[in-house]
Amino acid sequence: MSHGWAVVTGASSGIGKAFAQVLAAEGFDLVLTARREDRLRELAASLPVKTAIVAADLGEAGAPQRLFEFTQSRGIAPALLINNAGFGVFGEFRNQNLDRQLEMVRVNCSAVTALTHLFLPAMIERRQGDILIVASTASFQAVPYQTVYAATKAFDLIFSEGIAEEVKRFGVRVCAVCPGQTRTEFHAIANEPIPEVMSVHTAEQVARIGLRALRKGKHHVICGFSNRMGMELQRLAPRRWVTAISERMFRPAG
Ligand SMILES: NC(=O)c1ccc[n+]([C@@H]2O[C@H](COP(=O)([O-])OP(=O)(O)OC[C@H]3O[C@@H](n4cnc5c(N)ncnc54)[C@H](OP(=O)(O)O)[C@@H]3O)[C@@H](O)[C@H]2O)c1
């Protein structure tokens, strides 16, 4: 039996693709979106549920509205919105291309805000609906050399927590899932050397952790025990120390 429709952004790869696979196995029909349409088609063909594909660049200002209108034109009222699409850029801020940094703000923050704003009213009206936002362990402190990325992910976490409190009385649940290092295409796209950390998750683990927390009514969840401990412990240290340690961990070679 279908659980209704879920919209998954960034479904062409990594965590978004894993969300699509986990949700399809649960019986959700899926609206899959990303820029790489060929990958979305391949994924859709492998899933045993109804799917609809929207090729969209969430870095474009009108893309969230077009995605929303697509669902409306098909009579799709999603029970679940997964705001997952996102990317990072690694390196010294002053040397990074400004357009790429601003694109990151649009994809990681503006599109998340717009999609949440567009899909929320119908959920509130139905007194039912779930929104999951993929934040990061980078949401909890500044990360030099991923400065804009960490700021976008701090936005995602704070945004999720604020909206979650606003809408819980209408029966709508909102949760931010905060993965640490996860095996996807993320690091290659960010041009980031993969940091040595204790805990590395698969995309499927992140998807399952996020969905479980959302359904328990949590407003955020950090993936993995060592990531959770790390985030708790660093709260006890002066913020400046945490940033300075992070600067040494991530300083580009050379
Ligand atoms: N991997 C990690 O270690 C890690 C850790 C913490 C948080 N996260 C977060 O997890 C989320 C998913 O990343 P991932 O690790 O699964 O990386 P990924 O494998 O690179 O997947 C990123 C997804 O986002 C989509 N995307 C990127 N730019 C887009 C744009 N302009 N318009 C529409 N879609 C776009 C990509 O699709 P197209 O390229 O086809 O458009 C792709 O489906 C991101 O929000 C990321 O910040 C990842």
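**Close-up 1. Alanine 111, a buried residue of helix 4 in the predicted model.** Alanine 111 has a relative accessibility of 3% and therefore counts as buried, and its place in the chain is within helix 4, which runs over residues 98-126. When the neighbours within four places in sequence are left aside, the residues in contact with alanine 111 are Leu58, Pro64, Asn83 and Arg106.

**Close-up 2. Threonine 137 in the loop between strand 5 and helix 5.** Apart from neighbours within four places in sequence, threonine 137 is in contact with Cys178, Pro179, Gly180, Ile222, Asn227 and Met231. Between alanine 111 and threonine 137 there are 26 residues in sequence, and their C-alpha atoms are 20 Å apart in space.

Close-up 3. Most residues other than glycine have a negative phi.

**Close-up 4. Tyrosine 145, a buried loop residue whose phi is positive.** The phi of tyrosine 145 is near 75 degrees, again a positive value in a residue other than glycine. Tyrosine 145 lies in the loop between strand 5 and helix 5, the helix spanning 147-167, and with a relative accessibility of 16% this tyrosine counts as buried.

Definitions and conventions. Residues numbered from 1 in each chain as written. Predicted model: local features only at pLDDT ≥ 70, side-chain atom pairs only at ≥ 80, totals over all residues. Heavy atoms only, no water. Helix = DSSP H or I, 4+ residues; strand = E, 2+ residues; numbered from the N terminus. Buried < 20%, exposed > 50% of the residue type's maximum accessible area, 1.4 Å probe, protein only. Contact = heavy atoms within 4.5 Å.
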